[in-house]
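Q: Can you walk me through this one? I'd like to go over the sheet, the core and the helix packing.

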Amino acid sequence: MSLSLVIGNKNYSSWSLRPWLFLKYHDIDFAEIRIPLYREDSKDKLLQYSPTGKVPVLLDGELKVWDSLAILEYLAERFPQTQGWPEDFAERAAARSLAAEMHSGFTALRTYCGMNCKRTPSAKPLPEAVHPDIERIGEIWQHYRQLHRHDGPWLFGRFTIVDAMFAPVALRFHSYQLETNKQAQAYVDSVLTCPAVNAWMEAGKLESEVITAFE
């Protein structure tokens, strides 16, 4: 079966980046179907592929998988060589908890620091509600990078689903120059130097669409 991934604008769509990055990092072949968001016809076009009318959605032959985390789980099963979760039972539980926390949390950060690949990195005034998100994320990155400092540059040493989930957050830390601890900043740097992340960002910078709400 052939894979296709339906995504939104690369400049803005952090949820699209997550499974796209996982596929690219592991050199898994797939077709890319890009549908610009927030246009009059966007919803109708998306409904041709996704029952939710949202991105991303993975097409594997006749099978459809939607929601970023569900897609990542599916890809880890479909391609076991990717080792999407840590092998250790306890670490796997922790990784799943972190991925779920990212999936459902950090609303303030996502609201006030939208992903924007074209943004010139600079700080901006942020409401108080964002600071607990910044602090919690910094603590996560610090703890797991310290724990796995001898195993590789990612949160659990090697690249896992957790890194695919947190990569767009690292881009936000860079774009908005959010202050964090040394280990967390090193993790941001690991994300920024990942070739697949760079490919996504460069493509995002070339897009012509402007979504005012995310600027």
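Predicted model: local features only at pLDDT ≥ 70, side-chain atom pairs only at ≥ 80, totals over all residues.

Q: What's the strand order in the open sheet?
A: The order is β2-β1-β3-β4, four strands with mixed pairing. The edges are β2 (31–34) and β4 (63–66), and each of these pairs on one side only. From one strand to the next the twist averages 20°.

Q: Do β1 and β2 pair in the parallel or the antiparallel sense?
A: Parallel, over four bridges, with β1 spanning residues 3–7. Within that pairing, valine 6 is opposite isoleucine 33 of β2.

Q: Which helix packs on the sheet there, touching β1 and β2?
A: That is α1, residues 14–25. Its direction makes about 150° with that of β1.

Q: And β3 with β4, parallel or antiparallel?
A: Antiparallel, joined by four bridges. Valine 57 faces tryptophan 66 of β4 across the pair.

Q: How many residues sit between β3 and β4 in the hairpin?
A: Two. Glycine 61 is in that turn and has a positive phi of about 65°.

Q: Let's look at aspartate 60. Buried or exposed?
A: Aspartate 60 is buried, because its relative accessible area is 0%. It lies in β3, which covers residues 57–60.

Q: What does the side chain of aspartate 60 make a polar contact with?
A: With the side chain of arginine 78, at 2.6 Å.

Q: How about leucine 63, how accessible is that?
A: Leucine 63 is in β4. Its relative accessibility is 40%, so it counts as partly exposed. Beyond neighbours within four places in sequence, leucine 63 is in contact with Leu58 and Tyr74.

Q: How far apart are leucine 63 and leucine 3 in space?
A: 9.6 Å, C-alpha to C-alpha. In sequence they are 60 residues apart.

Q: Switching to the core. Which residues touch the most other members of the largest one?
A: Leu109, Trp141, Phe166 and Phe173, out of 64 residues in that nonpolar core. Helix α7 (residues 161–175) gives the largest share, 10 residues.

Q: What is phenylalanine 173 in contact with, leaving aside its neighbours within four places in sequence?
A: Leu109, Ile134, Ile137, Trp141, Leu178, Thr180 and Val188.

Q: And which residues does the second, separate core include?
A: Val6, Tyr12, Leu46 and Ile211 are among its nine residues.

Q: Now the helices. At what angle do α7 and α8 cross?
A: At roughly 105°, with the axes coming within 9 Å; α8 is residues 182–192.

Q: Which residues meet across the α7 and α8 pair?
A: From α7 there are Asp163, Phe166, Ala167, Ala170, Leu171, Phe173 and His174. From α8 there are Tyr187, Val188, Val191 and Leu192.

Q: Which residues in α8 are buried?
A: Ala184, Tyr187, Val188, Ser190, Val191 and Leu192.

Q: What do the buried residues of α8 pack against?
A: Three helices: α6 (130–147), α7 and α9 (195–206).

Q: Last one. At the start of α8, what does a side-chain oxygen of asparagine 181 reach?
A: The backbone nitrogen of glutamine 183, to within 3.3 Å.

How values were computed
Residues numbered from 1 in each chain as written. Heavy atoms only, no water. Pairing = 2+ DSSP bridges. Axes fitted to C-alpha atoms, helices over the stretch in contact; angles between N-to-C directions. Contact = heavy atoms within 4.5 Å. Core = buried A, V, L, I, M, F, W, Y, C linked by side-chain atoms within 4.5 Å. Buried < 20%, exposed > 50% of the residue type's maximum accessible area, 1.4 Å probe, protein only. Polar contact = N/O pair within 3.5 Å; in protein donor to acceptor, adjacent residues only side chain to side chain.
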